[in-house]
Amino acid sequence: MTFAVNIYDETSLADLVAHREGEQRVFDAVALLDTHVEFTQALKDARDFGIRYVILGIPEDIGPRANLGKGGADTGFRAFLSKFLNYPVNDFTPVQNTLLLGEINCQDLQRQSTTLNNANASDLAQLRSLCGQIDERVEPVVAAILAAGLIPIVIGGGHNNCYPLLKASAGHFKKPVNAINLDPHGDFRALEGRHSGNGFHYAAAEGWLQDYHVIGLDQQKNNSTILATMAEFGNSYTSYHDLKVLAHHNVAQSTQAAKRGFSHTAPLAVELDIDAITLAPASAFNYRGFTLSDAEQYIYHATHGSDIAYLHLCEAAPSQDPNGLEAGNNAAGQLLSALVIAFLRARYQ
């Protein structure tokens, strides 16, 4: 089987890393996959060598654009790498059991999407078709990572990619998985063709997703049909209003309560949409959201002590920063790096 993944080597990272004499940095400590061995076997060998987590990028913005949104999510992963790989390694940067795999090969699909305008019905249909093709490329790569006994950390692209992640996870564990999501949106829009706004709906309708809870759902940004459909599937949420206006609970408490409230025993998919973070460069730029510290707490408490299927950080779009692309790359890189480190620290506690 051919897997649509561009596997990184040291040459792939050369323009992203900076050496400093006498200092070990993350790029020195993370592992790279052995390309001289067949892909699935190389992943199993990595597991035998002590690897537990696999970082995988998805450089696409087709899903958000197919949801009538803005582009830019295709560069989020590289922004992350430019910061994460250059952090110094110490006792508080537990990356020693982490493999940097590479990225899903979707450049051809990106090129096909370049001239498509989501305001045109015909172009919109093509974008949704391309989004479905991304599903077909992501799912087998993630399935292979899981089959090797490894936990994927998937970064970049739109929230459309929750669907192939959930499908791969349910297939691997042979039962629907649970999901928790820090996001102002429920992503339960109509089954109208694949895009970033309906991945959880498609997964639930096809039996890949069981219990689903959204932390920080903004009731003003979800139409009545979305909320009703979520309720029909037995899904739940803690609203932004409860957390930040009424202040009945904090993010950590709500995340712990959501995990306790799941009735279905299954591995947990941990999802975070960067547009939940106030002023973060994201596909849907948000002035009404959570702090980075809130997001770090969410990641920590969602993953600490949990049976994890995967971690998914999506929708970072550096070009949407109002201060320009350079500022957007800097912000996205720092945000995503902080969240990954919060995850790794939770897993090593």
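1. A definition first, for the pocket. A pocket is an open set of grid points with protein on both sides within 12 Å along at least five of seven lines. Its volume is the space filled by probe spheres set on the points. Bear in mind that this is a predicted model.

2. The largest pocket has a volume of about 320 Å³. Its lining counts 21 residues, and the closest to the pocket centre are N67, H185, R189, S196 and A284. What is the make-up of this lining by class? Nine of the lining residues are charged, eight are polar and four are nonpolar.

3. How many cavities of 30 Å³ or more turn up in a search of the whole structure? The search finds one. The volume of the largest cavity is about 30 Å³. Its lining is made of D183, P184, G216, D218, Y240, A276, N286, R288, G289 and F290. By class, this cavity lining has four nonpolar, three polar and three charged residues.

4. Now the helix pairs. Two packed helices are described by the angle between their axes and the distance between the axes. Helix α12 spans residues 251-261 and helix α13 spans residues 292-303. They pack at about 30°, and their axes lie 8 Å apart. Why call this pair roughly parallel? Angles under 35 degrees count as roughly parallel, so α12 is roughly parallel to α13. The crossing of the two is right-handed.

5. The α12 side of this contact has V251, A252, T255, Q256 and K259. They meet D294, Q297, Y298, H301 and A302 in α13. The contact of α12 with α13 divides into four nonpolar, four polar and two charged residues.

6. Next come helix α7 (residues 121-147) and helix α8 (residues 162-173). Their packing angle is about 40°, with the axes 8 Å apart. The two helices are therefore oblique to each other. The crossing of α7 past α8 is right-handed.

7. From α7, the contact takes in D135, V138, E139, V142, A143, L146 and A147. From α8 come Y163, P164, L165, K167, A168, S169 and H172. Which classes make up the contact of α7 with α8? Nine residues are nonpolar, two are polar and three are charged.

8. On the α5 side, the contact is made by G76, A79, F80, K83 and F84. On the α14 side, N329, N330, A332, G333, Q334, L336, S337, V340 and I341 take part. The contact of α5 with α14 has seven nonpolar and six polar residues, with one charged.

Terms used
Residues numbered from 1 in each chain as written. Predicted model: local features only at pLDDT ≥ 70, side-chain atom pairs only at ≥ 80, totals over all residues. Heavy atoms only, no water. 1 Å grid on protein atoms, 1.4 Å probe; cavity = no way out; pocket = protein on both sides within 12 Å on 5 of 7 lines; lining within 4 Å. Nonpolar A, V, L, I, M, F, W, Y, C, P; charged D, E, K, R; others polar. Axes fitted to C-alpha atoms, helices over the stretch in contact; angles between N-to-C directions. Helix = DSSP H or I, 4+ residues; strand = E, 2+ residues; numbered from the N terminus. Parallel < 35°, antiparallel > 145°, perpendicular 65-115°, else oblique. Left-handed = near helix turned anticlockwise from the far one by under 90°. Contact = heavy atoms within 4.5 Å.
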